[in-house]
Amino acid sequence: MKDIGRILLQKKPFSEIMMGNTALVRAMIEAGVEVITTYPGSPTPEIADAARAVLRHENPFYFEYSTNEKVASEVAFGASLNGRLSVVFFKSVGLNVAADSVVQFSLLDLKGGLVIILGDDPGANSSQNEQDNRHFARMAAIPVFEPSDPQQAYEMFLEAAVIASENMMPVILRMTTHVCHAKGRISFGSRPALKQDQTPSFRPEMGEYIPLTSAVASMKKRSMLKLEKVRQLAEISSFNYLIEHKSKKGIITCGLPSLSLSDLLTECANPPDVLVIGIVWPLPMELICDFCARHEEVLIVEELDDFIEKEVKAAAFDRRLSLTITGKFEPDDFIGELHSQNLRRFINSKWPELGLGSGEPASQTVPVLPSRPAQMCPGCGHRSAFYAIKKALKDDDITVADIGCHTLGYMQPYQIGTVLLSMGHSSGTGAGLSLFNEERRVVTFLGDSTFFHAGLPGIINAVRNNHNITLIIMENGTTAMTGHQDHAGSKAGDETGFKQISIRAVLEGLGVKSVSEVDTYNQKKLTASVTEALEHQGFSVVIAKHPCMLKLTRENKRRGIIPERRADIDEELCDRIKECISRFACPSFSIDKETGAVSVNPELCIGDGSCVQVCPVSAIGLGQKERGNE
Amino acid sequence: MNEDLRFNIYMSGVGGQGIGILSEVLIRSYDNAGYLVKGVDTHGLAQRGGMVESHLRVGCTGGNPLIEPGKADLAVSLERTEAYRAMSRYLRKGGVLVYYNTLWQTLGVRMGEDEEITEEMIKSEADLRDIRVYEIFSDRLPDIRMQNIALLSGAVRENVFTGISCTDVASALRDLFSGAMLEQNLDILNCG
């Protein structure tokens, strides 16, 4: 069996099959990165998995899961001030959290250099929006590399790290979902010897590190000069390339869309010329304008916003170039990932004369297929919680969701948590919903990792102003949605030296008067606790806790513990009320489409038993697994 | 090795069925056989009992890891509903579908709002579009989490993976597993 940690640590050049996220860790090792920080978020958490796999063998770098993206960025920043080459990575919307600090980075000399890896998510595969973070980069004067595949992600990281440390500046590597997760055989270079110099080299007298008032002007000028230096590098970057067909038409593109494009252009009798650029901020405008000057019509193919397009149009206007530049116009042009299907629609709507086919609608005859959205796992403590909480709620109570697995409560059949913004928003949004509102009670939800990440300011606000809301903290002991990373409230391992912070103690320390703690499998007690909390005037909290069962089941399996029990239905007792299906909705229950009989799918049931108390006629029992009986 | 082979494999299933392992075994099998190969899995929210998919592209297909709908040569699905979805969305006319014949009902089906997908529905749609269908099922698995390897094994025996042999798959399994797990999986694969 291959051990990814050992593979990534090899001294000599090698090649191996891996995804983009994993390849980045090898790039970090080759570049001599010393500090890596993150807050978990799709599509980037596998970078952390690979980094931790390395640390099981050697310590070429320091790694931490920080409390949130802002703290992660600050830890990496601090380390870079001391001369450490540092990396911080997080998902697209993580940059919103980090931005308050990140926008200052370019004003300061980051001695060791700092690379920010962003996991942008065109298509919102696992995010609440599809924000285009190139805008942030422009505002913050930070260069952006945009790779199209894992090999390029690795190579671009190496170059980004050199630019960052030579110029003492931040550089962004903008990954997108299907570059993070794309897999293939990637070729790597050799691993240099570890840097020996551990001297903390921060010297405030050597530079200006207080960006305030009159100091800002000179700092900003310095950052703009650095950016211009990077633009000159962008002009001659080996990541730019030109595919010439001697056409009067040209396409300018970058990143993953450049690969979709090359797929589609194989269908073209007279393909246009294509210019692919590697650094998308600052843009290599000499190269681009030279390309424009040699074509009559240019189409800009980029994902999400018209970022490159606006820049190219402005530059062409300044240089009085006479050509037609086409880009985004219709709302659809700004939406979704530019995979082949979307790109086909885009090109056909702009340049029908290219003669791309309309694509193959795979089937004309198929009926509407049953949808299968994400849902809570079998045995999930959140399911028990929502089932019990629903009994304490009135139909017109207002429920506010936050980010995490419990967000899935908005779906059928629970329909709890019906407004969502961002990490930690729920207490603030709930407080607003409670104003001028005597009739409808407000219940807000928050995950435990999110409690520490961004939940506290909203809670403190609710305590201070005594907002009349009930907060239910869904505590499962882990950052579950992104793959079970520890957070500040997670149980501290024996040898790790981490401190476990008690949510209850924090709340009591803040002076919250009404706090109760209930295991969500104890449904009656949870219903009673929520009912009681709702009667409390002012701010009240219920901690609804149960360990993440997906995590627990996996850990047990690794230890060789296989569940011995599973739920079974007593056919005699079952009245086909279907409470277990229509209200509790554990996916382990199946229904016979002919007879309507309820059964348990042995492939799904984990034998947790949280469903037993749900059945009004006590038809659900916990038996030995069938295989054991055979 | 066939220098001209261009082969698109679309895989699907339900979160928790082990599609990640399936795609990892296949990408390594093709790599072992000397092919240029790339792919991409869906990660993230879809892992919570939602639909999961994986794309694999074999041969010099350019760098794009994603298959365009209607352009897969082979669809491999771990569950019947997802097999039907894979066939209707991704498989080309004249392609091949191989699926593990188990059913994880969707909420809509359980609530009586959606129609359950049957073997017959798959067959009749396949006939309309000249698609060859292979159903795989085993009632002798030591652990249901080995359905992915059982499907792989059945599919290898039906010769649906153009360009690779059972030994390529076996050596891919050796890359990914060790100990009793490896032995069990090799046993299910049963190259003979």
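Where in chain B is Asn190(B) found? Asn190(B) sits in the segment after α7 (179-189) of chain B. The legends below describe a predicted model, and the last of them returns to this residue.

Figure 1. Chain A contains 21 helices and 23 strands. Its radius of gyration is 27 Å, close to the 25 Å that the globule rule gives for 630 residues, so chain A is as compact as a globular protein of that length. Along the principal axes, the C-alpha atoms of chain A fill a box of roughly 80 × 70 × 60 Å. Buried residues make up 51% of the 630 in chain A. Among contacts in chain A with a separation of 6 or more, 78% link residues 24 or more positions apart.

**Figure 2. The largest nonpolar core, viewed around Val115(A) and Phe157(A).** This core has 233 residues. Val115(A) and Phe157(A) touch the most other members. Helix α7 (residues 150-166) of chain A gives the largest share of the core, eight residues. Which residues does Val115(A) contact, leaving aside its neighbours within four places in sequence? They are Val87(A), Phe157(A), Ala160(A), Ala161(A), Ala164(A), Val171(A) and Leu173(A). In soluble globular proteins, nonpolar side chains tend to be buried together.

**Figure 3. The interface between chains A and B.** Here 52 residues of chain A are in contact with 54 residues of chain B. On the chain A side, β8 (182-188), α10 (255-265), α13 (340-350), α20 (579-584) and β21 (589-591) each supply at least two residues. By class, the side of chain A that touches chain B has 22 nonpolar, 21 polar and nine charged residues. The predictor gives the complex an ipTM of 0.96 and a pTM of 0.96.

Figure 4. Which residue of β2(B) is the bridge partner of Lys183(A)? The partner is Gly39(B).

**Figure 5. Helix α2(B) and its surroundings.** Of the 11 residues of α2(B), 10 are buried, so the helix is largely enclosed by the rest of the structure. The buried residues are Arg80(B), Thr81(B), Glu82(B), Ala83(B), Tyr84(B), Arg85(B), Ala86(B), Met87(B), Ser88(B) and Tyr90(B). They pack against β1 (7-14), β3 (51-58), β4, β5 (91-100) and α4 (119-128) of chain B.

Figure 6. Is Ala86(B) buried or exposed? Ala86(B) has 26 C-beta neighbours inside 10 Å, so it counts as buried. Leaving aside neighbours within four places in sequence, Ala86(B) is in contact with Tyr10(B), Ser12(B), Ala75(B), Ser77(B) and Leu91(B). Ser12(B) is 74 residues from Ala86(B) in sequence, yet the two are 6.7 Å apart in space, C-alpha to C-alpha.

**Figure 7. Confidence along chain B.** The average pLDDT of chain B is 93, and 98% of the residues score at least 70. Confidence is highest in strand β4 (residues 72-77), at a mean of 98. The lowest value belongs to helix α3 (residues 107-110), at a mean of 92.

**Figure 8. Two cis peptide bonds in chain A, at Pro43(A) and Pro282(A).** A cis bond joins Ser42(A) and Pro43(A), with omega about 10°. Pro43(A) is in the loop between β2 (35-38) and α3 (45-55) of chain A. The peptide bond from Trp281(A) to Pro282(A) is also cis, with omega near -5°. Pro282(A) lies in the loop between β12 (279-281) and α11 (285-293) of chain A.

**Figure 9. Positive phi at His484(A) and Asn190(B).** Most residues other than glycine have a negative phi, and most peptide bonds are trans. Phi of His484(A) is near 70°. His484(A) lies in the loop between β17 (470-475) and α17 (503-509) of chain A. It has 19 C-beta neighbours inside 10 Å and so counts as partly exposed. Phi of Asn190(B) is near 50°. Asn190(B), in the segment after α7 of chain B, has 11 C-beta neighbours inside 10 Å and therefore counts as exposed.

How values were computed. Residues numbered from 1 in each chain as written. Chains lettered and ligands numbered in written order. Helix = DSSP H or I, 4+ residues; strand = E, 2+ residues; numbered from the N terminus. Rg over C-alpha atoms; globule rule 2.2 N^0.38 Å. Buried ≥ 20, exposed ≤ 12 C-beta atoms within 10 Å, placed from the backbone. Contact = placed C-beta atoms within 7 Å. Nonpolar A, V, L, I, M, F, W, Y, C, P; charged D, E, K, R; others polar. Pairing = 2+ DSSP bridges. pLDDT = per-residue confidence, 0-100. Core = buried A, V, L, I, M, F, W, Y, C linked by C-beta atoms within 7 Å.
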